[in-house]
Structure formats: C-alpha cells, structure tokens
Amino acid sequence: AVDTTRSYWSMKRALQRIQKVFPPSSVQQQRAVTTGSTPTINFLKGHPSPKYLPTEDLSHALQMAAKKAKSGEMELSYTANEGPKPFRQALAEFISCECKGDEGANNTCRKDGLFVTGGVSHGLDLACCVFGGGPGKVILAESPSYFLAFEIFRFHGLRVIGLPSDAYGIVVDEIEKIIQSLGPGKVSLVYLVPTHSNPSATTLAQKRREKLVALAAKHGFKILADEVYHMLDWGSAVDESKYKRPGRMAVLDHLYHTESSVKEVEEYEVPDGTQGSATETGHVLGISSFAKILCPGMRLGWIEAAPSLISMLSNHPYVLSGGGVAPLQAQVGHELLKSGRQAGHLSMLQREYYLRSKTLYEAVLKFPHLMIPAGGAENSQVCGGYFMWVKVVPTSVDTVSLQKIAREKFKVDFLPGERCHPEADKKKEYRGHLRLCFAYMEISELAEGVERLAAAIAHATA
C-alpha cells in the first residue's frame with residue numbers, strides 16, 4: 001500500500017511539473033494515472049489493431065476455399081516450388097494495381113517474378129540461406145532498423161554492420177566506403193526497410209534506390225528489401241500535391257524486366273545446374289507479406305525478384321523436397337484477392353491508420369521534449385507503416401531506464417531506441433530515442449499514452 005501511494009504522488013508531482021511548462025489549456029484533459037488495475041497503454045507491440053482483423057473477409061475466403069476442396073478443385077498435393085500459379089497470378093495483378101501510381105516508368109509485377117513464402121521472416125531466412133554466403137560474410141543493415149531481423153542474419157553466421165541513415169533513408173554513399181574498408185567480396189547482402197521504415201518511418205528516396213541497385217550490380221551483393229509496409233501508405237492524404245511513393249525495389253533491377261522466364265522446377269526433378277546459373281543474375285529481392293495488410297495469422301508472404309533469383313530460391317534443397325510453401329494459405333489468399341476483399345481491407349487500413357498516426361503526431365507535438373526526427377524534416381508527419389520514431393529532449397534521458405519508470409509508475413510502454421541498432425557496441429547512439437506503434441492501441445488511447453510518457457520523462461528528469 002505504501003508503494004502504491006508513493007507511485008501515485010510521484011505521478012501527481014510529475015504532472016504538476018508539466019503544468020508549469022504548458023498553459024492550462026494544453027493539460028486540462030490530462031488524467032492522473034493510478035497504478036494497480038489501470039491498463040497499460042502499449043506502444044511497444046508492433047501488432048495490428050484487434051479491431052481490424054479481417055474476420056468476415058477471411059471467413060468468406062475460407063468458405064470459398066472449402067467449396068473448392070469439397071468439389072476437388074483445390075490443390076491438395078505438392079504445388080509448384082514457386083507457389084500455386086493462380087495465386088501468383090492474382091498477387092501479381094494486385095501488386096500492379098496497388099503500385100501503379102508509384103515513381104518510375106514500369107511498376108508492373110510479373111507472375112514469374114514471385115516466390116511464395118511463409119512471411120517476411122521466412123523470406124529473410126531463405127534469402128540468407130541462398131545468397132548470404134555463410135560465416136565470414138557481411139550484411140550491411142539499415143540503422144536504425146527492425147531489431148528481430150538482426151538475429152536471423154547472425155544465425156547464418158553473417159557479421160552485421162550498421163548502415164547509417166538520415167531523413168531520406170540509408171546513406172547509400174557509405175556503402176562503397178565500407179566495402180573498400182573490408183575488401184572485395186566480403187559484403188554479400190544489404191538489408192533495409194525502404195518504405196515507411198521500422199522504426200524510423202522514413203522512406204528511401206527514388207534516386208537513392210536507383211543508386212543502391214547500381215552499387216549492387218557493381219559490387220555483386222544482393223539487396224534484401226523488407227517491403228512489408230510499402231502498400232500501407234497514406235502519403236497522398238498528408239500532402240496530396242507533393243507526395244509520390246517511390247517504386248518497389250525489385251522493379252528498379254533492369255533484369256527484372258528484361259530476363260526471360262526460367263523453367264519452373266517439376267516435382268522430383270533434379271536440378272541440372274543451369275537454373276539460375278546465368279552470367280548475371282538479378283540484384284534485388286523484395287520481401288513482403290500479408291501480415292500488415294491483412295493479418296499476421298495468415299503466415300503468407302512473397303519474394304519479388306528477377307526470374308534468375310526466383311529460380312535459385314526454387315532450387316533450395318528443402319524447397320525441392322517439400323514443394324511450394326504454404327499452398328493452403330495461398331489458395332485462401334487467392335480467394336481474398338479474386339473477390340476484391342483484400343483490396344477493400346487495405347483501403348480501410350490506410351484510412352484508419354492514417355487517422356491514428358495523425359492523432360499520435362498531434363499529441364507528440366504538444367510536448368517540446370518529444371521530437372519526431374523522421375520524414376525529411378524534424379516533426380514531420382508519418383506517411384505510412386506502423387511506427388513513429390521519437391527523440392527525447394533533453395538527450396541525457398536514457399530510454400532503457402525510462403522504459404522501466406514508464407511501465408511501473410505510469411502504465412505506458414514503448415520500444416527503447418537502443419534495440420534498433422544492428423551493432424551491440426554502438427547501441428548507445430539511440431539511447432535518447434524510442435519507437436511508438438500507433439496501430440495496436442485504440443485511437444482514443446493515443447493522446448493519453450503520450451501524456452503518460454511525458455509524465456514519465458518529467459519524473460525521470462526531475
């Protein structure tokens with residue numbers, strides 16, 4: 001009881017300190033937070049809102065798939081190594097439609113440029129198996145970036161080196177400097193989240209994308225572009241007159257458009273060594289999934305790449321043994337795509353998450369010790385994805401320590417920025433940063449969550 005009382009009064013004093021800094025009108029809606037049964041406002045989870053899980057759409061797709069299973073129309077045996085053909089055709093049409101307004105001359109998705117996966121994490125793991133080169137090789141990873149991807153790379157024996165970024169994405173010019181310092185042939189992969197990055201919400205500019213692909217061709221590394229947020233975009237709603245989303249990374253690879261189709265591997269066919277053995281192969285693997293545009297439980301994704309790279313993935317031994325990945329999920333996905341329900345669900349998510357991101361943005365702007373350093377200029381609005389990357393002022397605040405205070409005393413949680421650096425000995429570069437997810441919580445909780453966070457900062461700096 002004594003601890004609860006102390007926590008209450010410490011929160012009350014923190015809120016009083018905020019009221020001294022801000023005029024009464026800006027804090028009159030603030031509510032004192034009590035401990036005990038008060039639910040935590042969770043900005044930590046990078047999950048979709050439970051409210052927007054597609055129960056009706058998925059139910060309809062499952063019913064349609066079940067009818068096909070009963071009539072014998074569903075593929076229930078081994079499928080093509082690349083994945084069921086009808087699904088890949090429907091997916092290619094969906095991607096082409098959703099991305100037709102992107103920057104670039106040709107944003108059409110080709111069916112033979114798709115390989116079905118069990119999601120982005122599976123796609124990254126498979127790409128490391130096929131293109132990573134094994135222990136001793138280096139992967140350059142965008143910094144800050146998706147922290148759970150780093151362990152996938154290390155599991156394959158890859159050395160992970162951070163690649164600095166600014167408000168317009170990774171600093172591409174740094175790649176050649178790192179390659180020169182390491183020596184030729186050491187860097188096998190470059191990983192980034194090019195559109196609405198996790199955690200920074202930045203988007204790599206089109207010219208930087210083009211230069212990155214040119215460097216991959218020059219130095220022989222492959223680009224792993226984690227594009228899970230590419231279509232979860234509302235930039236035109238933020239600035240209709242100026243915003244144009246850059247093109248998907250794979251379509252910037254000239255071989256994606258010019259390569260002929262590669263013969264698909266038949267069941268039990270032993271590779272003759274010619275598949276994917278062209279003098280030059282593609283340079284980019286765009287890795288994405290339905291996790292953020294539909295639901296994570298589908299465990300369904302894809303890799304988009306030039307046919308030569310798709311062939312190399314299809315000839316991985318475990319794919320040769322088991323056939324195409326996630327065939328049942330893919331056929332359910334086909335029903336969602338064919339019916340138009342996936343497109344409708346994505347449109348709804350774009351609208352609703354735009355409103356949530358705008359609400360969080362406006363709440364953060366009320367507190368001068370919280371800065372949004374992403375999007376081309378400080379305190380600019382997020383144009384897509386799930387996250388907001390926030391810098392705490394004063395910079396003396398350590399967000400790892402702040403998280404403990406925020407959790408225990410103020411019932412609010414977030415991801416400390418240190419988690420997002422690829423290199424353990426450099427994590428302190430982000431000690432004053434934190435990641436907020438606006439997708440998971442209810443829109444009515446976002447402003448209060450920021451108020452609790454601000455109270456925690458005031459308490460930590462008192």
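Rings of Phe, Tyr and Trp (its six-membered ring) pair if their centres lie within 6.5 Å, with planes under 30 degrees apart counted as stacked, over 60 as edge-to-face and the rest as tilted. The model on your screen is predicted, so local features need pLDDT of at least 70 and side-chain atom pairs count only at pLDDT 80 or more, while totals for chains, interfaces and linings use all residues. Residues are numbered from 1 along each chain as its sequence is written, and side-chain values use heavy atoms, leaving out hydrogens and water.

**First stop: a ring cluster.** Select Tyr52, Tyr229, Tyr353, Tyr386 and Phe387, which ring pairs link into a cluster. The ring rule gives 11 aromatic pairs. One of them joins Tyr52 and Tyr353, edge-to-face because their planes stand at 75 degrees, with centres 6.0 Å apart. Tyr52 sits in the loop between β1 (41-42) and α3 (55-71) and Tyr353 in helix α14 (residues 341-365), so this pair ties together parts 301 residues apart in sequence. Helices (H or I, at least four residues) and strands (E, at least two) are DSSP runs, numbered from the N terminus.

Now colour by accessibility, where buried means under 20% relative accessible area, exposed over 50% and partly exposed in between (1.4 Å probe, protein chains only). Tyr52 is buried at 11%, and Tyr353 is buried at 1%.

**Next: Trp389 and Tyr430.** This pair is edge-to-face, 5.7 Å centre to centre with 80 degrees between the planes. Trp389 belongs to strand β11 (residues 387-392) and Tyr430 to the loop between β13 (415-416) and β14 (433-437), so parts 41 residues apart in sequence are tied together. Both residues, Trp389 and Tyr430, are buried.
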